[in-house]
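Visitor: Could you take me through this structure, please? I would like to ask questions as we go.

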Amino acid sequence: MNSLTLRTPDDWHLHFRDGDMLQETVPATARCFKRAIVMPNLTPPVVNAELATAYEQRILSARPEGSDFSPLMTIYLTDNTTPEVVRAAKEAGVIAAKLYPAGATTNSDSGVTALSNLDATLEAMADIGMLLLVHGEVTSPDIDIFDREKAFIDSHLKAITTNFPKLKVVLEHITTKDSTDFVMAASENVAATITPQHLLLNRNDLLVGGIKPHNYCLPVLKRNTHQAALRAAVASGTHKIFLGTDSAPHEKHKKESACGCAGCYSAWSAIELYAQVFEDLGVLDKLEAFASEHGPKFYGLPLNEGTIELVNESWQIPENIALPNGDNIVPFFGGQTINWKLKP
Ligand code: DOR
Ligand code: ZN
């Protein structure tokens, strides 16, 4: 196959950051995605309607000339997020609220310390149709980092989905067979996203032959049997799993560091990398539904009208991206050659 036309896709999970960085991240995503769910883990976090609306304006101002890209805004749940806060956010157009267990990942210190604090808030979200987006990892130091996703499902997610059956829940950036099994067995109100890195890589790609900081993200890459389960899940064509890149830029010096940050910046090659995975799996015919249909249907939003075209042409992902502030980012898969290219 030499070219592939897809209904314009959306990215159901990413990090744009703020300030100068928006000049880099927003055009990178707007080059091929029509919409994106924008994570609220800024410092300080986006915890209410007012902050979400102001952030949305900053993102819109960073769009390239003529772009009709639309950010889909989220708020960050804390122990103090009341039902009134989520109702006001919904009225302001915020469509989802993000649950970060406190300390689970980048800028999650203000996250939720005990889910029992949020019963009334989750009930209100179910009532008004606001989605719950979940970073599904426990944080207790006695749980091994490779087991934190499974432990979260067992100790929290099963209870959330049982106690709030009307609440729509997205288990984001899943990394394990435990998660694919859970999502497939759960109700129609539970779905998941998968990143390019968790489909393409396993923990050998992080740790064998020297630590590869640019493959470090959270939840951390797992063993190859889990990677195989994720690949089988997307190959099945299930409507419960859709595209969410978790594109998450950190400056090069913050990744190549004694205490390196978690996150892979994949925006410049994400749709192309997913195409490569689907081609490897022999299911290119299932890419469009994964990238452009399952997500909007789950969120209750219209499908995009336009199309993008990918051509079968080798190109090299840049090794380095210069930022407006003089810093640099090493993009995910930087320097590697891939076979699909977005036609400008
Ligand atoms: O790898 C990650 N990076 N995982 C997350 O959950 C957060 C993200 C970030 O904000 O850098
Ligand atoms: Zn993320």
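Visitor: Which side chain does K341 meet in a salt bridge?
Guide: In this predicted model, the side chain of K341 meets that of E313, at 3.8 Å from N to O. A salt bridge is a side-chain nitrogen of Lys or Arg within 4 Å of a carboxyl oxygen of Asp or Glu.

Visitor: Where do K341 and E313 lie?
Guide: K341 lies in strand 13 (residues 337-342) and E313 in strand 10, so the pair ties together parts that are 28 residues apart in sequence. Helices (H or I, at least four residues) and strands (E, at least two) are DSSP runs, numbered from the N terminus.

Visitor: Is K341 buried, exposed or partly exposed?
Guide: K341 is partly exposed, with a relative accessible area of 30%, and E313 is partly exposed as well, with 39%. Buried means under 20% relative accessible area, exposed over 50%, and partly exposed in between, using a 1.4 Å probe and protein chains only.

Visitor: How many salt bridges does the structure hold?
Guide: The structure holds 11 salt bridges. One of them joins D18 and R58, at 2.8 Å from N to O. D18 lies in the loop between strand 2 (11-14) and helix 1 (21-30), and R58 in helix 2 (residues 49-61), so this pair ties together parts that are 40 residues apart in sequence.

Visitor: Changing topic, what coordinates the zinc ion (ligand 2)?
Guide: The zinc ion (ligand 2) is coordinated by H13 (NE2), H15 (NE2) and D246 (OD), at 2.0 Å. Donors are N, O and S atoms within 2.8 Å of the metal (3.2 Å for Na, K and Ca); water is not among the atoms, so sites may look incomplete.

Visitor: Are H13 and H15 buried or exposed?
Guide: Both H13 and H15 are buried.

Visitor: And how many disulfides are there?
Guide: A search of the whole structure finds 0 disulfides, a disulfide being a pair of cysteine sulfur atoms within 2.5 Å. For C32, the nearest cysteine sulfur is that of C264, 17 Å away.

Visitor: What about numbering and the rules used?
Guide: Residues are numbered from 1 along each chain as its sequence is written, and chains are lettered from A and ligands numbered from 1 in the order in which they are written. Local features need pLDDT of at least 70, side-chain atom pairs count only at pLDDT 80 or more, and totals for chains, interfaces and linings use all residues, while side-chain values use heavy atoms, with hydrogens and water left out.
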